[in-house]
Amino acid sequence: MLQHSYTHTAMSPSVPLQEMIRAIRSARTQCEERGVIQRECAAIRAQFRQADNGGRSHNLAKLLYVHMLGYPAHFGQMECVRMIASSRYSEKRVGYLGAMMLLDEKQDASLLITNSIKNDLSHSNQYVQSLALCTLACMGSAEMCRDLAPEIDRLLRASNSYIKKKAALCAVHIVRKVHELGELFAPAARSLLSEKNHGVLHGAVVLITELCERSSESLERFRKTVPDLVQIMKGLVISGYSPEHDVAGISDPFLQVRLLRLLRILGRNNETASDAMNDLLAQVATNTDSTKTVGNAVLYETVLTVLDIKSESGLRVLAVNILGRFLLNNDRNIRYIAMTSLQKIVGTDHNAVQRHRGTIVDCLKDQDASVKRRALDLSLALVSASNIRSMMKELLLFLSSCPPELRSQAANGIFTAAERYAPSKRWHIDTILHVLITAGGDVRDETVPNLIQLITNTSELHCYTVHKLYRALLSDISQQSLVQVACWCIGEYGDLLLRGDCQEVEPMQVCEDDVLDALETVLQSHMSSTATRGFALTATMKLSTRITDNVDRIRSIVSIYGSCIDLELQQRAVEYNALFKKYDHMRAAVLERMPVIERNSSGLINGDPTGEPVKEVQPSKVKTEVSLPLPQAADQTCDLLDLLSSSEQQPQSPPAAGSSILTQPLGTDCSAGRDLLDLLGGLEPTPPPTAVTVYEKDGVTLTIVCEKQSDSAMTVTLTGFNSSDCDVSSFTLQAAVPKSVQLHMKAPSGDSLPAGGAAKVTQVVLLNNPNKVNLKMRIRVSYSCRGSTVQETVQVDSFPGL
Amino acid sequence: MIKFVLMVNRRGQTRLSRYYTPVELSRRAALEADVVRCCLSRRKEQCSFVEYKDFKLVYRQYAALFIVVGITDKENELSIFELIQNFVEVLDKYFSRVVSSCAIMFSLDRVHFILDEIVQNGLVVETNRSRILTPLNAIDKMSDS
């Protein structure tokens with residue numbers, strides 16, 4: 001590794017630091033730089049091994065530079081130790097610096113300097129003492145701290161101010177390492193508060209802050225110092241110009257900030273302490289010059305303190321007003337921190353923040369992305385019933401021009417706000433449509449079913465909604481959520497669209513071909529996702545009952561997709577084909593208008609454990625009581641659908657993953673579906689078996705379907721279903737029959753019923769009734785739900801289908 | 001509390017680094033590169049405070065030199081902003097010329113000593129400019145004589 005370095009021109013061993021830096025900088029590649037550094041390190045190593053020479057500190061300085069660049073420099077550790085023990089100040093200085101940079105308490109070498117530190121702490125030269133203090137504060141281990149704590153305490157009491165201030169900070173480190181030693185320093189810290197030197201005061205305040213944060217007894221004890229602290233602070237605020245501490249017209253702003261922070265800790269949750277500081281805080285808030293950043297730093301700390309302690313309401317309003325003023329400041333840093341602070345208090349001081357709503361909303365247009373983000377959060381938090389209309393205008397404006405990373409947050413926030421405070425249904429629908437058109441790609445997946453639910457429930461606006469959606473669809477089919485909702489609505493309310501008479505939108509003559517064209521465009525577009533095309537296909541199918549002339553066109557569209565590569569679409573197309581051919585008598589009933597959907601809970605997506613975009617509205621959110629949209633006349637269809645899905649799902653619904661065949665509307669895979677239909681086809685002369693609900697409680701239902709196999713044998717299929725919103729587990733069934741009947745229960749498909757009807761449990765029971773006695777069956781259902789067990793017994797006296 | 005102080009040039013090369021919380025050597029380079037990238041990519045209209053991972057960065061630009069200070073959540077960002085200015089003014093006073101990244105490089109140890117007089121184990125120890133420089137001036141006088 002070092003071999004090739006010999007071919008370079010030999011450099012003198014103790015090259016000064018500047019030379020080395022220049023050599024490193026002139027290296028053109030990483031490799032070259034590494035070579036230079038390796039050479040240097042080798043030279044430095046050689047130097048270290050030699051006896052004492054004048055260039056030691058120099059070499060160590062070079063090593064530190066190399067270390068800063070990220071190269072290993074651990075071989076310098078021992079040299080640091082040696083140099084710390086040297087008597088020359090310059091060497092000690094570099095040695096300590098090296099120790100702070102190269103050593104930490106985990107290294108063995110750090111133990112070796114303990115003694116040096118101990119000696120140097122009582123050195124006659126204060127600068128040497130300060131070096132030792134600094135190093136101890138930087139990397140002192142717990143043992144070192146314990147060992148040297150009394151020494152630090154001594155220095156806190158009896159030394160000059162230069163040492164006192166450093167000792168105070170060293171004490172902070174000791175307390176962090178060894179919590180119990182806080183007790184030791186408390187009295188000294190207390191007495192330091194009467195010092196005049198600002199550096200010492202600063203150190204004392206920092207030390208007291210640390211002690212109070214560590215233990216509540218210290219906190220109690222130091223609460224008594226509040227009057228003293230208030231005095232000191234007052235002195236700083238009202239005192240005239242002091243050249244020593246002045247920074248842009250404020251007297252020692254750093255100390256002021258520190259004092260305010262300590263007062264905050266002491267006043268938190270304590271009435272008396274908070275009262276004692278009220279006047280002072282008001283004084284600081286009003287007297288501090290806010291034209292420069294330093295003044296604002298102090299004001300900021302004051303505001304934080306006021307809002308955190310138990311201050312009186314007038315003071316709080318003053319604080320919030322300061323924040324409001326910050327929002328108008330030209331300096332964007334100040335605007336940013338004002339936003340952050342307002343964010344923290346919008347929950348507790350809502351009314352006060354509301355007063356600055358206008359400014360906050362203006363900040364939505366700020367250039368800075370972080371300010372924009374804060375403004376968005378705050379605006380959403382400030383939306384209320386009284387300002388919803390104006391706020392929404394601003395928010396929608398923001399949405400159209402906001403940076404992409406904030407879009408989904410904005411869209412979702414708008415939805416939540418609209419849901420909570422919508423002044424009218426039409427406004428709500430308009431708002432959602434607007435968001436979908438502007439940012440449809442960034443909304444959450446539940447938006448589509450939620451919106452569909454909202455539309456269905458607003459029957460008076462069906463005509464208006466479908467017109468608007470149709471127009472939106474014509475102009476842009478790239479936003480998937482919008483297209484899905486539009487397709488669904490056109491499918492459902494196509495007849496309203498074609499009728500063309502809606503007062504609230506401008507009249508537009510829509511003919512059947514136009515509508516079918518639009519849907520076909522969606523179907524064929526490469527921009528449409530599979531889910532969207534599913535929506536479009538289903539909508540096309542639904543239109544077959546709502547339009548009169550172009551049913552053939554629909555038939556042909558549907559049959560084309562019967563050979564589509566996508567499995568989902570192919571399956572649907574095949575099912576719809578079947579509806580056209582064999583089950584044409586049922587078509588009208590199956591495709592009738594949807595009922596009003598009741599909302600169980602928002603965001604429930606049925607049958608989709610992977611959380612993919614909802615392919616179709618899930619009517620299983622409907623309580624089991626709601627009947628299917630079927631005319632009473634078509635009993636057969638009722639039965640058919642009951643048989644196929646005890647969950648009242650529309651035939652268009654996608655298959656729920658992992659459910660058994662009986663629960664699949666028209667079958668999970670084509671063959672099974674077709675078989676089922678064929679089975680039903682074969683049974684046509686006799687009425688198909690019905691499913692009877694024998695037990696229902698809190699959303700958990702049990703249905704039975706009976707099938708006669710032979711003269712005396714029959715199979716009873718028990719299906720458990722859970723449409724409530726809490727999971728059911730350990731679902732078990734037990735059955736009992738009269739003595740002469742033979743019972744054989746097969747293994748159940750499972751024992752858990754997830755919420756929302758995502759899966760079912762089926763169990764087949766074989767019965768043999770040779771004596772043809774009156775068949776009765778007692779079924780015991782037991783399961784646990786919400787942590788409690790439920791056990792019920794039901795008696796089934798009549799078995800339909802027998 | 002201050003977690004670290006970094007001085008980098010516009011190309012992202014570290015000119016000074018001081019850590020007040022233990023960070024492994026191997027992680028330092030990555031941390032520095034990331035932090036610097038964060039700050040260098042900020043535009044003029046953006047504010048000087050960046051939320052980075054679970055702490056904050058305060059940075060200021062002086063010609064070709066960026067000074068970045070990493071602070072914990074509790075710290076007053078504006079006051080650290082002013083602290084950086086204070087630090088730079090002290091450096092200007094000591095080197096009696098406008099501080100540039102080259103000057104820092106060539107007197108790295110001195111800059112460290114100055115920094116030690118201002119910040120000790122992550123906390124501010126002295127902010128008065130003349131008092132910060134007194135020990136250094138005294139030592140310089142001693143070593144000169």
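1. Among the contacts in chain B between residues at least 6 apart in sequence, 48% join residues at least 24 apart. The model is predicted, and this percentage, like the other values below, is to be read with that in mind. Chain B contains five helices and seven strands, and along the sequence these elements follow the pattern β-β-α-β-β-β-α-α-α-β-β-α.

2. Of the 145 residues in chain B, 61% are buried. The accessible surface of chain B comes to about 5900 Å², and carbon and sulfur atoms account for 51% of that surface.

3. Turning to the interface, the contact draws 51 residues from chain B and 55 residues from chain A. The area buried between chain B and chain A is about 5100 Å², with carbon and sulfur atoms giving 57% of that buried area. On the side of chain B, the residues that lose the most area to chain A are Leu78(B), Phe106(B) and Gln120(B), which together make up 13% of what that side buries.

4. A salt bridge is formed between Lys165(A) and Glu126(B), where the closest N and O atoms are 2.7 Å apart. Across the interface of chain B and chain A there are also eleven residue pairs in polar contact, with both residues at pLDDT 80 or more.

5. The elements of chain B that give two or more residues to the side touching chain A are, among the helices, H1 (25–40), H2 (77–95), H3 (101–106), H4 (108–118) and H5 (129–144), and, among the strands, E2 (14–19), E3 (49–52) and E7 (123–124). By residue class, the side of chain B that touches chain A divides into 20 nonpolar, 13 polar and 18 charged residues.

6. A separate local point concerns His462(A), which lies in helix H27 (residues 462–475) of chain A. Is His462(A) buried or exposed? His462(A) counts as buried because its relative accessibility is 10%, and the cut-off for buried is under 20%.

7. Leaving aside neighbours within four places in sequence, His462(A) is in contact with Ile455(A), Thr456(A), Tyr493(A) and Leu496(A). With Tyr493(A), the contact includes a polar contact between the two side chains, at 3.0 Å. Leu496(A) is 34 residues from His462(A) along the chain, and the C-alpha atoms of His462(A) and Leu496(A) are separated by 7.8 Å.

Note on methods: Residues are numbered from 1 along each chain as its sequence is written. Chains are lettered from A and ligands numbered from 1 in the order in which they are written. This is a predicted model: local features need pLDDT of at least 70, side-chain atom pairs count only at pLDDT 80 or more; totals for chains, interfaces and linings use all residues. Side-chain values use heavy atoms; hydrogens and water are left out. Contact means heavy atoms within 4.5 Å. Buried area is the accessible area (1.4 Å probe) that two parts lose on being put together, summed over both. A salt bridge is a side-chain nitrogen of Lys or Arg within 4 Å of a carboxyl oxygen of Asp or Glu. A polar contact is a pair of N or O atoms within 3.5 Å; within protein, one must be able to donate a hydrogen and the other to accept it, and residues adjacent in sequence count only if both atoms are side-chain atoms. Helices (H or I, at least four residues) and strands (E, at least two) are DSSP runs, numbered from the N terminus. Ala, Val, Leu, Ile, Met, Phe, Trp, Tyr, Cys and Pro count as nonpolar, Asp, Glu, Lys and Arg as charged, and the others, Gly among them, as polar. Buried means under 20% relative accessible area, exposed over 50%, partly exposed in between (1.4 Å probe, protein chains only). Accessible areas come from the Shrake-Rupley method with a 1.4 Å probe; for residues, only the protein chains shown count as cover.
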